Amino acid sequence: MNRGPRFGPAGVPPLFWFMKAALTDVPRLLREEGLDAFEYEAVQWGKKPQMRKEEAQRLRLEAEQNDVWLSLHGSYFINFCGEEAIVEASKQRLTACAIAAEWMGAHVVVFHPGAYGKRSRVEALKTCSKALEEVVENMLSLGVRNVRIGPETMGRTYQLGSLDEALNLCETVEHTQLVVDWSHLHARDKGRFRTVEDFSSVVGLIEKRLGTEAVKNLHCHFTKIEFTDKGEKRHHTLQEARYGPDFRLLAKVIAEFKLKPVIISESPILDLDAMKMRDILQEESEKS
Ligand SMILES: [Zn+2]
């Protein structure tokens, strides 16, 4: 079980690249920054794991030694609502990500469910959940038992992944873990998070539909975000006052309800904003 709240970056921070750090150095470097989560980016992967098993296992060891919670962001080339051939390829891609996640001890494979395309929303959701059931069955038959697949809430109106749809996938498919991208929800719903209550009502809804354990142990993405009528446009750093949502409002909810989320920073300054969010939550926890 996660001993969260935990914070970490989506991918290797620029400074680490600059230092020429190896992937296996990342958990230790994050620990030195006082961070304790890391989302490995497998976003360009195809139908096979694009990493050697030995390297994944070394990452696992380093993560365990430094108490860094691992997750893996699956391929962007996934669409569970497309033509049959696309859905089939997507199943292989998600399975490849899940296999590598099992190697590295990542707890969840985050993925984008797809785009509605020509399908109605209801039909797209049905196609997606059927495909996911098949992926899970296949994963289990391959011995991938410790990884959950995580449908992410999506930021654009043409993408499958409203909060209701992501909840529905988690209700209907086994071995799932809801991934709440707060910024995506903010963008998709044109700035819905303005008050503490805006956040706590979502927390309440998740608890009602998925239960107390699920809401306590959420996997989240957070950054500030710019949006248009169609939803998400661009990610921004926490210090840019003209964009929302305000992390402090969510931090108040996390502190009040003693939630233990893993919060992945998708800010342009990944780890630096992860540290900032950690400190904001610390302040709010001391107040409550
Ligand atoms: Zn994502």
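Is C128 buried or exposed? In this predicted model, C128 has a relative accessibility of 0% and therefore counts as buried.

## Cysteines

A search of the whole structure finds 0 disulfides. For C128, the closest cysteine sulfur belongs to C81, and the separation of 5.3 Å is too far for a bond. A disulfide would require the two sulfur atoms to lie within 2.5 Å.

## Helices α4 and α5

Helix α4 spans residues 84-104 and helix α5 spans residues 121-141; their axes come within 10 Å and cross at roughly 45 degrees. The two helices are therefore oblique to each other. The crossing of α4 past α5 is right-handed.

On the α4 side, the contact is formed by V87, K91, L94, T95 and A98. The α5 side contributes T127, A131, L132, E134, V135, N138 and M139. Sorted by class, the residues of this contact comprise 7 nonpolar, 3 polar and 2 charged.

## Helices α10 and α11

The axes of helix α10 (residues 247-256) and helix α11 (residues 270-287) approach within 9 Å, with a crossing angle of roughly 50 degrees. That angle makes α10 oblique to α11. The crossing of α10 past α11 is right-handed.

From α10, the residues in contact are F247, R248, A251, K252, I254 and A255. Their counterparts in α11 are M277, I280, L281, E283, E284, S285 and K287. The contact of α10 with α11 consists of 7 nonpolar, 1 polar and 5 charged residues.

## Surroundings of α10

Of the 10 residues of α10, 7 are buried, so this helix is largely enclosed by the rest of the structure. The buried residues are F247, L249, L250, A251, V253, I254 and A255. Among these, F247, A251, I254 and A255 also take part in the contact with α11.

Several elements cover the buried residues of α10. Strands β1 (6-9), β9 (219-222) and β12 (262-265) are among them. The covering elements also include the helices α7 (182-188), α8 (196-210) and α11.

P245 lies in the loop between β11 (231-236) and α10. With a relative accessible area of 1%, P245 is buried.

Apart from neighbours within four places in sequence, P245 contacts S183, H186, F193, F199, F222, T223, K224 and I225. T228 is 17 residues from P245 along the chain, and the C-alpha atoms of the two are separated by 15 Å.

## E207, in helix α8

E207 is located in helix α8. Its relative accessibility of 35% means that E207 counts as partly exposed, whereas P245 is buried.

When residues up to four places away in sequence are not counted, E207 touches T212 and V215. E207 and E123 are 84 residues apart in sequence, with a C-alpha to C-alpha distance of 26 Å.

Terms used. Residues numbered from 1 in each chain as written. Predicted model: local features only at pLDDT ≥ 70, side-chain atom pairs only at ≥ 80, totals over all residues. Heavy atoms only, no water. Axes fitted to C-alpha atoms, helices over the stretch in contact; angles between N-to-C directions. Helix = DSSP H or I, 4+ residues; strand = E, 2+ residues; numbered from the N terminus. Parallel < 35°, antiparallel > 145°, perpendicular 65-115°, else oblique. Left-handed = near helix turned anticlockwise from the far one by under 90°. Contact = heavy atoms within 4.5 Å. Nonpolar A, V, L, I, M, F, W, Y, C, P; charged D, E, K, R; others polar. Buried < 20%, exposed > 50% of the residue type's maximum accessible area, 1.4 Å probe, protein only.
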